[in-house]
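Hi there,

Here is the structure I promised to pass on.

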Amino acid sequence: MSETLPRNNIFKVIGASSLGTLIEWYDFYIFGSLAVIIGHQLFPEDAGASALINTLAIFAAGFIVRPFGALVFGRLGDLIGRKYTFLLTLVLMGGSTFFIGLIPSYKSIGYAAPILVLVLRLIQGLALGGEYGGAATYVAEHAPKNKRGFFTSWIQTTATLGLFLSLGIIVITKNILGAETFGDWGWRIPFLLSIVLVVVSIYIRMKMHESPMFSKLKAEGNVSKNPLKESFNNKANFKMVLLALFGATMGQGVIWYTGQFYAQSFLENTCKLDFNDSRYILLWGIAFATPFFVVFGAWSDKVGRKWIMLSGMLLGILFYRPIYQVFLDDTDYTKIEQTAVLSSTPAPISSVLIADSPDSLRTTSVKVLLKNGASFNKVQIDTVSATKGILPGKALIKDKVLPTPVFWKFVGLIFFQILLVTMVYGPIAAFLVELFPTKIRYTSMSLPYHIGNGVFGGLVPFIATLIASFSGSTPLSGLWYPIGIATLSLIIGAIYLSNKRDESIND
Amino acid sequence: MNTLKKFLGLVWMVLGPLTMTFLFLQAIEKVGLTHTDIERTNTILQWAIILFIFLPISLGLMIFGFYAWKGEYDRLPENSEEL
């Protein structure tokens, strides 16, 4: 069976599965990559920081329902088969992404806008919850037993490549349309484009065959009658679900989302880097690190999955705070600004009247270029009072562009974080597949995966941003959440997990 | 190692309710500060979401601890046929 499948057929299986999964990740991540712009579209203009946090909450809602999608579609996958289930998830994901691109703004329909987006985001989360487990199971059930880590690691690249694709399309669209047009309506294009990608993927997936192990199980009449009951009512299986969650996927989830999502959010929102710079840094980091998914997946076939994954967690725990401290230090231009200004170009002054008041707000903006090649915009909003004259506001430094050496230093630091992602994530599909039997595999492996990634991981930007907003906190305080979760997972994994591989998953 | 697994099982059992208590206290404190100290960033809805999500997970951690305490993880199945 799987052991005799020709090599070119395996790569067809991987290609067809990976393309659909990649597109689903793309759909899922555009939202996060555009959180700031979407926040302005969905909430009142005076919402301030809460617009971003509420948008991140809607983004997080998609993650939170992933475990429910895992249960619903995992059950379907164990009942009717892998192929048709993840075709269905693809349609749901593509449809909801397309409709997010059509939702009117808060200005047009008020709070109906964020509510509709929330509903579509929930559908996205449900669909993704069903997709990944199916694709990983499908590939693993085709792969030879001594190369399961290698072959499933191709599926593992799709999440990061989906993020890469979403960032790339966003940057290209913004550069073509210009910042103002992109903020106005251009942000919808990456969402609308999804429908084209999904149609292509559906066409390819329609040509796929059912997994050989599932087909055999079906032919023998051994398909599970109630996968949910068999997965979670059977103590022997349920305890493995808990172990997979607390000893592996929980820590893996926070490492993934800190290295790739929180890092970009931190650079853009805390360090105030330029929109393009923060995304280019991540794009380069992803491009350099992505091959390591396959490297660590293949290596796990030789040395086992456990210690590779746990090493990734340990390195994250040790190095996150020093890395993010460097991000902060190297983007603090307040001292350099005193001595190293090459030129400063003021922008036209704009004034806005304050409603029901004779006072107005005056915005002055200066583009500052430093001798080391860095630049930024210094924006100051003063109140022009009819009675008290000009009341100066606090100057904000934003849209920072890094000097070239610092830019590449940041690429290196992001690369290192994504390398940790490849360590924890490359082997995990094979690890999960080997924990559970064929007839309840889709259901059993999907739940810990999506709680670990969707809940613990997906909430990293939201919870870390929330923690950093507490009074008395520092910009680095948010990192205690991923560090704490990874530490707990590392301890549980090191003590309770086994490094042995189940060579035969044909049961 | 099995003794350590069992001992830590007690820790996981205690950690579940401790985490929830901590989160509840944080929620009460931070929601109380809304509209004054930290603008509108800590609303009841946001904290309700956090509590709603982490309550079942804390329960799961307690069950995991209970299984560990009972020695369920002393020997792990070596293949999925044992499940």
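What share of the contacts in chain B with a separation of 6 or more comes from residues 24 or more positions apart? The answer is 77%, where two residues are in contact if their C-beta atoms, placed from the backbone, lie within 7 Å.

Before the rest, some housekeeping. This is a predicted model, in which local features need pLDDT of at least 70 and side-chain atom pairs count only at pLDDT 80 or more, while totals for chains, interfaces and linings use all residues. Residues are numbered from 1 along each chain as its sequence is written, with chains lettered from A and ligands numbered from 1 in the order in which they are written.

On confidence, the model has an ipTM of 0.89 and a pTM of 0.85. Chain B has an average pLDDT of 82, and 81% of its residues score at least 70; pLDDT is the predictor's confidence in each residue, from 0 to 100.

Chain B contains 2 helices and 0 strands (DSSP runs numbered from the N terminus: H or I of at least four residues for helices, E of at least two for strands). Of its 83 residues, 22% are buried, meaning that 20 or more other C-beta atoms lie within 10 Å of a residue's own; 12 or fewer is exposed, in between is partly exposed, and C-beta atoms are placed from the backbone. An unreviewed UniProt entry lists residues 7-28 and 48-69 of chain B as "transmembrane region"; such annotations may be inferred rather than shown by experiment. In the model, residues 7-28 of chain B are 100% helix, with end C-alpha atoms 33 Å apart. Residues 48-69 of chain B are also 100% helix, and there the end C-alpha atoms lie 31 Å apart.

A:Phe292, A:Phe293 and A:Phe296 of H15(A) meet A:Leu419, A:Thr422, A:Met423 and A:Tyr425 of H18(A).

Lastly, A:Ser498 follows helix H22 (480-496) of chain A. A:Ser498 counts as partly exposed because it has 16 C-beta neighbours inside 10 Å. Its C-alpha lies 9.6 Å from that of A:Trp307, 191 residues away in sequence.

Best wishes
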